[in-house]
Amino acid sequence: MFEIAKKKDIKQLNKLINSAYRGESSKKGWTTEEHLLGGIRTNESQLRETISQKGHRIFKYTVDNQLIGCVLLESKNENLYLGMLTVSPELQARGIGKIMLEECEKTAKLEGYKAIEMTVISVRHELIAFYERRGYIKTGKTKPFPMNDENFGKPKQLLEFIILEKALS
């Protein structure tokens with residue numbers, strides 16, 4: 001089931017997101033950032049703030065009442081920003097991320113957005129390729145990575161974001 005997460009889901013969301021991006025557990029999947037960033041990916045306070053912001057939603061994906069994925073959607077004028085697409089490391093490479101991405105695209109179309117945009121760390125070639133196979137294109141735009149903001153983790157090398165976009169028309 002793909003539905004909007006509530007404040008009661010924050011503890012589980014925090015555990016899922018951090019397990020998929022950082023630490024030893026993240027190495028079980030292919031989306032790990034452990035080799036690029038130390039520290040945690042998010043915390044309960046940040047998630048609570050995100051859920052509370054107007055135009056921000058975290059969708060959770062559950063199977064048999066088990067949380068196995070989530071994704072952040074933010075309204076950005078005519079576009080919908082997609083971030084933090086997360087699948088449990090033990091369940092990655094089974095099409096769950098693809099299903100969630102399709103649900104996000106359906107939501108965006110129903111709500112009248114013109115495109116979905118996202119930022120991806122530029123050296124995450126396998127992740128960029130995943131999105132490109134699903135119709136997302138590199139816009140040629142970059143955005144600095146917040147190197148000194150521990151809310152994003154502790155960079156192990158110089159990083160930057162690239163911006164990907166998919167038109168929904």
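# Report on a predicted structure: sheet, rings and cysteines

Glu74 has Tyr81, a residue of strand S5, as its bridge partner. The model described here is predicted.

Strand S4 covers residues 66–76 and strand S5 covers residues 79–87; the two run antiparallel and are joined by seven bridges. Another position in this pairing is Gly69, which stands opposite Val87 in S5. As a general point, the strands of a sheet pair through backbone hydrogen bonds, either parallel or antiparallel.

S4 and S5 form a hairpin with two residues between the strands, where Asn77 takes a positive phi near 60°. Asn77 is not a glycine, although its phi is positive. Asn77 counts as exposed, at 76% relative accessibility.

S4 also pairs with strand S3, to which it is joined by eight bridges, again in antiparallel fashion. Within this pairing, Arg57 has Leu73 of S4 as its bridge partner. S3 and S4 likewise form a hairpin with two residues between them, and Asp64 in the turn has a positive phi of about 50°.

How many of the eleven residues of S4 are buried? The number is eight, so S4 is largely enclosed by the rest of the structure.

## The whole sheet and the helices on it

The sheet is open and holds seven strands in the order S1-S3-S4-S5-S6-S9-S7, with mixed pairing. Strand S1 (2–4) and strand S7 (137–144) are at the edges; each has a single partner strand, so one side of each lacks a neighbour in the sheet. From one strand to the next, the twist averages 30°.

Helix H3, made of residues 44–52, packs on the sheet and touches strand S3 (56–63), S4 and S5. The direction of H3 makes about 110° with that of S3. Helix H4, made of residues 96–110, also packs on the sheet; H4 touches S1, S3, S4, S5, strand S6 (115–121) and strand S9 (160–167). The direction of H4 makes about 160° with that of S5.

In the loop between S5 and H4 lies Ala93. Ala93 has a positive phi of about 70°, although it is not a glycine. Ala93 is exposed, with a relative accessible area of 72%.

## Aromatic rings

The structure holds six aromatic pairs. Two of them share Phe130 and are set out in the table below.

| Ring pair | Distance between centres | Angle between planes | Arrangement |
|---|---|---|---|
| Trp30 and Phe130 | 5.6 Å | 55° | tilted |
| Phe130 and Tyr131 | 5.2 Å | 75° | edge-to-face |

Trp30 lies in the loop between helix H2 (23–26) and strand S2 (37–38), whereas Phe130 lies in helix H5 (residues 125–133), so their pair ties together parts that are 100 residues apart in sequence. Trp30 counts as partly exposed, at 31% relative accessibility. Phe130 is buried, with a relative accessible area of 9%, and Tyr131 is buried too. Ring pairs link Trp30, Phe130, Tyr131 and Tyr136 into a cluster.

The charged end of Arg41 sits over the ring of Tyr21, at 5.2 Å from its centre. Lys76 lies over the face of Tyr81, 5.6 Å from the ring centre. Tyr81 is the residue named at the opening as the bridge partner of Glu74.

## Cysteines

In general, a disulfide is a covalent bond between the sulfur atoms of two cysteines. The count for this structure comes to zero disulfides. Cys70 is in no disulfide, and the nearest cysteine sulfur, that of Cys104, is 10 Å away.

Note on methods. Residues numbered from 1 in each chain as written. Predicted model: local features only at pLDDT ≥ 70, side-chain atom pairs only at ≥ 80, totals over all residues. Heavy atoms only, no water. Pairing = 2+ DSSP bridges. Helix = DSSP H or I, 4+ residues; strand = E, 2+ residues; numbered from the N terminus. Axes fitted to C-alpha atoms, helices over the stretch in contact; angles between N-to-C directions. Contact = heavy atoms within 4.5 Å. Phe/Tyr/Trp six-rings, centres within 6.5 Å; stacked < 30°, edge-to-face > 60°. Buried < 20%, exposed > 50% of the residue type's maximum accessible area, 1.4 Å probe, protein only. Lys NZ or Arg CZ within 6 Å of the ring centre and 35° of its normal. Disulfide = S-S within 2.5 Å.
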